[in-house]
Amino acid sequence: MNFNSLKIGDRLLKAITDLKFEKLTPVQEKVIPYLIDKNEDLIALAQTGTGKTAAFGIPIVHKINCDKKYPQAIILSPTRELCLQISKDLIAYSKYFENINITAIYGGSNIQPQIKSVRSGTQIVVGTPGRVKDLINRKVLKLKTIEIVVLDEADEMLNMGFKEDLDAILSETPSNKQTLLFSATMPNEVMKLSKTYMDKFKTIEVASRNEGAKNVDHHYYMVNAKDRYNALRRICDINPKIYGIIFCRTRRDTKNVADKLMNDGYNADALHGDLSQSQRDHVMSKFRNRNIQLLVATDVAARGIDIDNLTHVINYNLPDENEVYVHRSGRTGRAGRKGISIII
Ligand code: ADP
Ligand code: MG
């Protein structure tokens, strides 16, 4: 399906054309027409890299009334990186709209500009639950006018312990709003959340064999635990142009592996929760600009990082849950490119 068969208007269409999106992804094909026509709640389950941001972002930009200077949509997402990515995407979709104001609200950075942006009359808020709650408590952000709530990566928000913040935020929104829940997986906690907060809802599930998965080759190497690091080095040596993420289970492993790689002369750095926000930003921008080839990260730190052209995802340790492996390998093989997921 092409974007010009959607009832979305010329300005949105032009912005999407600028992004060089040609066809809707499977989740977009199911979600966008539904959201344009209906104001009912929705659960959409699809793996990472399937284009969920545009699936909710395009209908939201379409539905916003730019003449009204109050919050009409709020998107909650688990990490600062995701927030920034989503707001960047929304700004791209709405680039031909003149009076639209999109505000990203996240912790670990100065709150004053965020307050100022909300006060100047924002229509779309993209935030992490903690900081959003903070702005509500300060009486800066008022959600009585909200028409659409998006819970993006709902499974991850619950994993990260945001349940209470979500409860507090959702209780500030009007009961007749539209709630959209996006998740890669549907554990019981997400089911419970949807039962608490959603009215009659439609569930859209995109077959787990998505484009991304098709483009990923899966390799494994069997080595003794003591040879794990050497196996990693060997993989890097035989792929001198490697540009990838190495997943470790703990912050300590992440730091150790990154330190060893750096000592051994590899172009690597670590991303994990012990770093300050500005350190994390610094590492991310180095990685994004390809000044670093190898990012050693925990799952939480790497969650939602949207870098399209990774050549490899390396599982230094296997995760406990299958879904986490799917998330990890979904970091590569994106946007039609080939990727390799390796397990050591
Ligand atoms: P998800 O939230 O499902 O993990 P994203 O929304 O971050 O996935 O999208 C993954 C990548 O695919 C992004 O780089 C995005 O720009 C790109 N993308 C999304 N929709 C399309 C499309 N219709 N055509 C081409 N690329 C797309
Ligand atoms: Mg997403």
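How many aromatic pairs does the structure hold? In this predicted model, three aromatic pairs are present. One of them is formed by F3 and F21, whose rings are tilted, with 6.2 Å from centre to centre and 40° between the planes. This pair links distant parts of the chain, 18 residues apart: F3 belongs to the segment before α1 (10–18), and F21 to the loop between α1 and α2 (26–37). F3 counts as buried, at 4% relative accessibility, whereas F21, at 33%, counts as partly exposed.

Helix α1 itself has buried residues, namely L12, A15 and I16. Viewed down the axis of α1, the buried residues fall within an arc of 100° and therefore line one face of the helix. The exposed residues D10 and T17 are carried on the face of α1 turned away from the buried side.

Aromatic rings also take part in contacts with charged side chains. K260 lies over the face of Y229, at 4.8 Å from the ring centre, and R290 lies over the face of Y243, at 4.0 Å from the ring centre. A further tyrosine, Y221, contributes with V223 and I238 to a nonpolar surface patch of about 270 Å². Y221 is placed in the loop between β8 (216–220) and α11 (228–238) and counts as partly exposed, at 35% relative accessibility.

Side chains of opposite charge can pair when their charged atoms come close. Across the whole structure, 14 salt bridges were found. Among them is the bridge between K163 and D167, with an N to O distance of 2.9 Å. Both residues lie in helix α8 (residues 163–170), where they are four residues apart, about one turn of the helix. K163 is partly exposed, with a relative accessible area of 37%, and D167 is likewise partly exposed, at 22%.

Another salt bridge joins D269 to K286, the closest N and O atoms being 3.2 Å apart. Distant parts of the chain are linked by this pair: D269 lies in strand β10 (residues 268–271) and K286 in helix α13 (residues 277–288), 17 residues apart. D269 counts as buried, at 16% relative accessibility, while K286 is partly exposed, at 26%.

The side chains of D299 and R328 also meet in a salt bridge, at 2.7 Å from N to O. Here the pair links distant parts of the chain, helix α14 (residues 299–302) holding D299 and helix α15 (residues 322–329) holding R328, 29 residues apart. D299 is partly exposed, with a relative accessible area of 25%, but R328 is buried, at 1%.

How values were computed:
Residues are numbered from 1 along each chain as its sequence is written. Chains are lettered from A and ligands numbered from 1 in the order in which they are written. This is a predicted model: local features need pLDDT of at least 70, side-chain atom pairs count only at pLDDT 80 or more; totals for chains, interfaces and linings use all residues. Side-chain values use heavy atoms; hydrogens and water are left out. Rings of Phe, Tyr and Trp (its six-membered ring) pair if their centres lie within 6.5 Å; planes under 30 degrees apart count as stacked, over 60 as edge-to-face and the rest as tilted. Helices (H or I, at least four residues) and strands (E, at least two) are DSSP runs, numbered from the N terminus. Buried means under 20% relative accessible area, exposed over 50%, partly exposed in between (1.4 Å probe, protein chains only). A charge sits over a ring if NZ of Lys or CZ of Arg is within 6 Å of the ring centre and within 35 degrees of the ring normal. Patches are made of residues with over 30% relative accessible area and no salt bridge: like charges are joined within 9 Å, nonpolar side chains (Val, Leu, Ile, Met, Phe, Trp, Tyr) within 5 Å. Accessible areas come from the Shrake-Rupley method with a 1.4 Å probe; for residues, only the protein chains shown count as cover. A salt bridge is a side-chain nitrogen of Lys or Arg within 4 Å of a carboxyl oxygen of Asp or Glu. The arc is that of the directions from the helix axis to the C-beta atoms.
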